[in-house]
Protein chains: 2
Amino acid sequence: MSNESKSQKQTGVRATQKAATGQAVLEAAREEFERVGFEAANLRAIAARAGVSAGTVLHHYGDKRELLHAALFDDLEETLRQALEGLGPGPLEKQLSALTRTVFGYYQRRPKLSRTLLKESLFADEPWAGKFTAQVGGVHGAIARLAQEASARGELRPGVDGALFGAAYFSFFYFALISWVQGAHPAPVAMVERLIGQHLEGLRPPSSLSPRRKER
Amino acid sequence: MSNESKSQKQTGVRATQKAATGQAVLEAAREEFERVGFEAANLRAIAARAGVSAGTVLHHYGDKRELLHAALFDDLEETLRQALEGLGPGPLEKQLSALTRTVFGYYQRRPKLSRTLLKESLFADEPWAGKFTAQVGGVHGAIARLAQEASARGELRPGVDGALFGAAYFSFFYFALISWVQGAHPAPVAMVERLIGQHLEGLRPPSSLSPRRKER
DNA sequence: GAGATTCGTTAAACATGTTCATTGAACGTG
DNA sequence: CACGTTCAATGAACATGTTTAACGAATCTC
């Protein structure tokens, strides 16, 4: 029983072939999905394009949705990595606008797919739900850090709750993105910017009787 | 051609029967959906429960998703109507908490269905997308009005952008709801409350150099 | 190296959402 | 009332996602 532990590189002919077909299927799926959209894409057509049978596709990826995630998860991961990397110093609102624009671009670049992509990301099953949550968590942490730094710079008040602010950012981002893919709003980036602006500004009256630090 | 205009009540035997069948299907669908969930529900089983053939179900409701919407849209509408009705005067945050709790209850009452229900509402096709948007629009207007009133009472600063605040509320609400149905957060109502709190409070430093009325 | 075993692949079977031609009763018309 | 028309309802056919038994080549064991 010379068991190799999970996700370890294999060297045999069989393993190599398997990896190759897996990649071929993935590529065929990505092309087909982006060409005709998720629902219209046909597993037998994807299989044919990859030169395998339909059964093989599902042997590698348990079902159609998993195939979608497998085909496009890495691209989003890479997009996020780049977005976080190239943030620069700038004021907080500029940093967030850049982030919003970059991630929005990921969806905009796949018009036939953006709706389903967002839908199936937000409502994924395990194990993709966990991966997606981890992705979001990474960005969430980064935003919390940005907020802390902005606080240190004096852009935000001291003692800001970075995590809560991160949650607010995601709320705005996804709300705008959903509105956009549903055709209800044409300019998601601008919408996120306006919402963030109001969030940073606050709405309580300047001369409120209640002191700044009000908690129930 | 004695054409009756759309959605006018019909009196003939045929029309009556059709309406009865439609209702029977709707009831069977609602029961079956809430019992086993959307994806696991089977059109032929629903049809059998309603005492008709599978074809008849789709003759009345174009496809499975439309059947879901037809079966549950009215309940949400009614829930929203009641929620808006029983708001009372109270401070803005209390009003919004009550609203959040009521609408959340609608989903909580259908544990097998809440995830799909939210998913298919947010990403519905026409004509349900339009109906859902109209529903949301109604609540949006109501919230904007609440914000104006709060502003008039001195709870919020004068000249508050009620519509933008409404968008922020929906952002928070749906973010928390999605987190909840995905199992990522156990207490959506509390989360919305905290986000609203931060939104109302704002995050800019009290002694900011930039004046209150700052636009890009 | 020969036999046993594993496992990637396949094709056929299956489940289920959807389409469609057919039917017969309700309906309108004279 | 007799006729043609409409249309709700049907069930079979279809499309497609998914399951499964079987095959055969790679791998393992001795």
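The model is predicted, so local features need pLDDT of at least 70 and side-chain atom pairs count only at pLDDT 80 or more, while totals for chains, interfaces and linings use all residues. Residues are numbered from 1 along each chain as its sequence is written, chains are lettered from A and ligands numbered from 1 in the order in which they are written, and side-chain values use heavy atoms, with hydrogens and water left out. The area buried between chain A and chain B is about 4700 Å² (accessible area, 1.4 Å probe, that two parts lose on being put together, summed over both). DNA strand D is surrounded by 21 residues and DNA strand C by 20.

**Contact between chain A and chain B**

- Chain A and chain B each give 45 residues to the contact (heavy atoms within 4.5 Å).
- Carbon and sulfur atoms give 51% of the area buried between the two chains. In chain A, the residues that lose the most area to chain B are A:Phe123, A:Leu203 and A:Arg204, together 17% of what that side buries.
- There are eight salt bridges between chain A and chain B (a side-chain nitrogen of Lys or Arg within 4 Å of a carboxyl oxygen of Asp or Glu). One of them joins B:Arg65 to A:Glu39, with the closest N and O atoms 3.3 Å apart.
- Helices H6 (114–122), H8 (162–181) and H9 (188–201) of chain A are the elements that give two or more residues to the side of chain A that touches chain B (helices are DSSP runs of H or I, at least four residues, and strands are runs of E, at least two, numbered from the N terminus). H8(A) gives the most, with ten residues.
- By class, that side of chain A has 22 nonpolar, six polar and 17 charged residues (Ala, Val, Leu, Ile, Met, Phe, Trp, Tyr, Cys and Pro count as nonpolar, Asp, Glu, Lys and Arg as charged, and the others, Gly among them, as polar).

**DNA strand D**

- The closest residues to DNA strand D are A:Val13, A:Leu43, B:Thr21, B:Thr56 and B:His60 (a residue is near a strand if one of its heavy atoms lies within 4 Å of it).
- A phosphate oxygen of DNA strand D lies 2.4 Å from a side-chain N or O atom of B:His60. For the side chain of A:Asn42 the distance is 3.3 Å, and for a polar backbone atom of A:Arg14 it is 3.1 Å.
- H3(B) gives the most to the surface near DNA strand D, with four residues.
- The surface near DNA strand D has six nonpolar, eight polar and seven charged residues.

**DNA strand C**

- A:Thr21, A:Thr56, A:His60, B:Val13 and B:Lys64 are the closest residues to DNA strand C.
- Phosphate oxygens of DNA strand C lie 2.9 Å from a polar backbone atom of A:Ser53, 2.9 Å from one of B:Leu43, and 3.2 Å from a side-chain N or O atom of A:Lys18.
- H3(A) gives the most to the surface near DNA strand C, with four residues.

**UniProt record for chain A**

- An unreviewed UniProt entry lists residues 42–61 of chain A as "DNA-binding region" (positions are in the numbering used here, feature names are shortened, and annotations may be inferred rather than shown by experiment). This span is 75% helix and 0% strand, with its end C-alpha atoms 14 Å apart.
- The unreviewed entry lists residues 163–181 of chain A as "transmembrane region". That span is 100% helix, and its end C-alpha atoms lie 27 Å apart.

Conventions
A polar contact is a pair of N or O atoms within 3.5 Å; within protein, one must be able to donate a hydrogen and the other to accept it, and residues adjacent in sequence count only if both atoms are side-chain atoms.
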